[in-house]
Amino acid sequence: RRMDEGFKYLEIAKKESNREQNRWAIIHTDLILAFAHYLINEKDQSIHYLQEYVKRCNQVNLTVRPYPYVLDLCWAIEKGNLPKTPGISLESEINRMLKGQNIFLKGVAYRYNALMQREKGLSHQKVMRSLSLSLRWLEESGHKIEQARSLLEISKEYLLINNKKKAKES
């Protein structure tokens, strides 16, 4: 099974990072382990590694979190698929990424902002504005997979207002 093999290599990376006292690698490995455990529905392990990630980020005052997995995990928390975790929230991570200079992360953050707006029942126009900004930044970054994810959300938004023609076009 590929996931088992992946976890084996992540554990090796974590041990080597600890041995070398490479804080950046330890932090990154914690985040990937949190996300990987989430993907296979091991919520306790996912939260354990996410808490370690947050704790280590705070210890080194790491304010730049350059990975979209953080938003994926925060969305899972927001939707109730993972328990709330002190020190991290979807809104704070979105704000952090929108204030940064990384255009790829801005694009991902605007998509999650749109999802949050949709969840709160905000207007179609506000959700579409965030999705349009998401797509703009992601096109500039060149990241095709994240562009596709934003286009999918645009199509969903059009379907929510019963505009099948625009949904197909997007």
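User: How does one describe the packing of H6 and helix H7, and at what angle do their axes cross?

Analyst: Two packed helices are described by the angle between their axes and the distance between those axes. In this predicted model, where local features need pLDDT of at least 70, side-chain atom pairs count only at pLDDT 80 or more, and totals for chains, interfaces and linings use all residues, the axes of H6 and helix H7 (residues 124-141) come within 7 Å and cross at roughly 160°. Residues are numbered from 1 along each chain as its sequence is written, and side-chain values use heavy atoms, with hydrogens and water left out. The axes are lines fitted to C-alpha atoms, for helices over the stretch in contact, with angles running from 0 to 180 degrees between N-to-C directions, while helices are DSSP runs (H or I, at least four residues) numbered from the N terminus.

User: Which relative direction does that crossing give H6 and H7?

Analyst: The crossing makes H6 roughly antiparallel to H7, a term for angles over 145 degrees. H6 passes H7 in a left-handed crossing, which is one where the near helix is turned anticlockwise from the far one by less than a right angle.

User: Which residues of H6 and H7 meet?

Analyst: Contact means heavy atoms within 4.5 Å, and among the residues of H6 that meet H7 are Ile 103, Phe 104, Val 108 and Ala 114, while those on the H7 side include Val 127, Leu 131, Trp 137 and Leu 138. By class, this contact of H6 with H7 has 10 nonpolar, six polar and five charged residues, where Ala, Val, Leu, Ile, Met, Phe, Trp, Tyr, Cys and Pro count as nonpolar, Asp, Glu, Lys and Arg as charged, and the others, Gly among them, as polar.

User: How do the axes of helix H2 and helix H3 cross?

Analyst: The axes of helix H2 (residues 23-39) and helix H3 (residues 43-59) come within 7 Å and cross at roughly 155°, and H2 and H3 are therefore roughly antiparallel to each other. The residues of their contact divide into 10 nonpolar, three polar and three charged.

User: Is Thr 29 buried or exposed?

Analyst: Buried means under 20% relative accessible area, exposed over 50%, and partly exposed in between (1.4 Å probe, protein chains only). Thr 29, whose place is in helix H2, is buried, with a relative accessible area of 7%. Leaving out residues up to four places away in sequence, Thr 29 touches Leu 10, Ala 13, Lys 14 and Ser 17.

User: How many of the residues of H4 are buried, and what covers them?

Analyst: Eight of the 10 residues of H4 are buried, so this helix is largely enclosed by the rest of the structure. The cover over its buried residues includes H2, H3, H5, H6 and helix H8 (144-160). Just after H4, Gly 80 takes a positive phi of about 85°.

User: Which residues touch the most other members of the largest nonpolar core?

Analyst: A nonpolar core is a set of buried Ala, Val, Leu, Ile, Met, Phe, Trp, Tyr and Cys residues joined through side-chain atoms within 4.5 Å. Of the 36 residues in the largest one, Leu 50, Tyr 53, Leu 71, Leu 73, Leu 90, Ile 94 and Tyr 112 touch the most other members. A second, separate core of eight residues includes Ala 114, Leu 135, Ile 154 and Tyr 158.

How values were computed:
Helix = DSSP H or I, 4+ residues; strand = E, 2+ residues; numbered from the N terminus. Parallel < 35°, antiparallel > 145°, perpendicular 65-115°, else oblique.
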